Amino acid sequence: MELFSILLIMVIVATFVLSGFFLSSSWTTTPKTMEHIPGSLGWPAVGESFSFISDFSNPSGIYSFVKERQQRYGKVFKTFALGRYTVFMTGREASKILLTGKDGMVSLNLFYTGQQVLGPTSLLQTSGEAHKRLRRLIAEPLSVDGLKKYFQFINTLAIETLDQWPGRRVLVLEEASTFTLKVIGNMIMSLEPTGEEQEKFRANFKLISSSFASLPLKLPGTAFNRGIKARDRMYAMFNSMISGRRSGKSFQQDFLESLIIKHSKTGDTDDTEDKLTDKQLKDNILTLLVAGHDTTTAALTWFIKFLEENPAVLEQLRKEHLEIQANRKDSANLTWSEVNNMPYTAKVISETLRKATILPWFSRKAAEDFEINGCKIKKGWSVNLDVVSIHHDPEIFPNPEKFDPSRFDAPVKPFSFLGFGSGPRMCPGINLAKLEISIFIHHLVCKYKWTPLEKDDSVQPTLVRMPKNKYPVVVEPL
Ligand code: HEM
């Protein structure tokens, strides 16, 4: 039986690898052009896919694939994994060229599963003018001013979530995940935080999310297949919301409404440039959910973990929040202007994102030949920018393993801190993420203390780096 399972896994992986090979346009380029780059392309057709896949379950995470090869070949190396010729590189120069490179030089490089689940009109799959247009449409509702109307919802939800914490074993990652999903569900489409609709939304979302790092096999029972089906159910939910809004039966002041009123195409004859078809609306709502959920969940969890591991930082942070509370004259509750004036908290957020480097690399696909630091890149190759090394460069961040928010007392050099990325693809959800984290942390440090139940620094086998044990703690009032 055991042998059978091993064989089955090998067959699945081989199919995956081969399908990836033929699905990728990069298979047409010849490895000869890569001769000048150190590294190994592994076995014919399969490349280094087995090591890549097995490093997903390494305790230090998928990044161990990069680390091991950097030790062998240096900071720039080539590989062939999951059907793609890939060059890993790092440094500020590479960061500048890849993230701000002239228009059309690179595009975002999603895994095949992500491409299929998110749909062709997703922001993550567009480039050039189409990408710029989509970014413009989502910029206003995600701006600081646009987010003001969600402040009360987020604040109340943070208080209610934390009220449930004392006296039990709390898995911080699970709680952060529920919190951030309720926030984004409410913000985008006014979903109530409890009830049947929220439950369905959550169940579908979880299936979609776990299909991203799955094998691209659309067979019954596979994670990919379940993800596609959950995506279809989610789209059916969006469809009924969109038609409800259009018929005037329901009206909400949310993200969906603002896109429908200002930017949706009303019929085939409506060919206005700045308008979206229903398909574009749905693909991009899902994109925001997917791009914003795991990242914010991971950031909040690492933030709470790093605080406990660094008592001096916790003390200074708590001081900032207790002072805010003490200076409050009338209302007992946090206000919008207070949440926008938390300078030390902002530095702790940056240091959390530097140290944890939630997205360990940014992946791009070369749309033309170009050169970085003397390394010739050919059209069709994947180029992965290793952000972990940039965030741990001792010349920019001395003693990089130390958790030290004072690094951000002065602005850091351009292209050396990439917590939210940089250039035209810089995270559009930065204000929302900071808002959620600042509100949640305010109530946590003002009212509670927490003790971890395990010492374990392993990370989950996902592309977004999160604590594997979900960071279990017990919580008491201060
Ligand atoms: C702490 C939480 C977050 C972190 C650390 C984070 C990080 C990032 C990073 C590093 C990128 C750039 C990736 C690249 O260049 O390849 C990015 C892009 C993106 N983020 Fe975030 N993000 C967070 C929260 C959010 C939220 C809340 C949303 C949505 C509401 C969001 C939506 C997006 C989208 C749509 C993109 C793609 C932008 C594009 O391709 O133009 N993110 N994020």
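Predicted model: local features only at pLDDT ≥ 70, side-chain atom pairs only at ≥ 80, totals over all residues.
Student: Which strands make up the open sheet, and in what order?
Tutor: Three strands form it, in the order β4-β10-β9, with antiparallel pairing. Strands here are DSSP E runs of at least two residues, helices are H or I runs of at least four, and both are numbered from the N terminus. Two strands pair if DSSP finds at least two bridges between them.

Student: Why is one side of β4 and of β9 left without a neighbour?
Tutor: β4 (169–171) and β9 (448–452) stand at the edges with a single partner strand each, so one side of each has no neighbour in the sheet. From one strand to the next, the twist averages 45°.

Student: How many bridges join β4 to β10?
Tutor: Three, and β10 covers residues 472–477. Arg169 stands opposite Val474 in β10.

Student: Which helix lies across β4 and β10?
Tutor: That's α9 (residues 172–189), running at about 60° to β4. Angles go from 0 to 180 degrees between N-to-C directions, using axes fitted to C-alpha atoms, for helices over the stretch in contact. Contact means two C-beta atoms, placed from the backbone, lie within 7 Å.

Student: What's the mean pLDDT of the protein chain?
Tutor: The mean is 87, and 90% of the residues reach 70 or more. pLDDT is the predictor's confidence in each residue, from 0 to 100. For residues 1–12 pLDDT stays under 50, and the model has two contacts beyond four places in sequence for them. Residues 17–29 also stay under 50, with 30 such contacts.

Student: New topic: which residues come nearest the ligand?
Tutor: Of the 24 residues around the ligand, Ala291, Gly292, Gly421, Cys427 and Gly429 do. A residue counts as near if its C-beta atom, placed from the backbone, lies within 6 Å.

Student: And which helix gives the most to that shell?
Tutor: α13, with seven residues. α13 (278–309) and α18 (430–447) each supply at least two.

Student: Last one: is Phe415 buried or exposed?
Tutor: Phe415 is buried, with 21 other C-beta atoms within 10 Å. Buried means 20 or more such atoms, exposed 12 or fewer, and partly exposed in between, with C-beta atoms placed from the backbone. Phe415 has a positive phi near 65° without being a glycine.

Conventions: Residues numbered from 1 in each chain as written.
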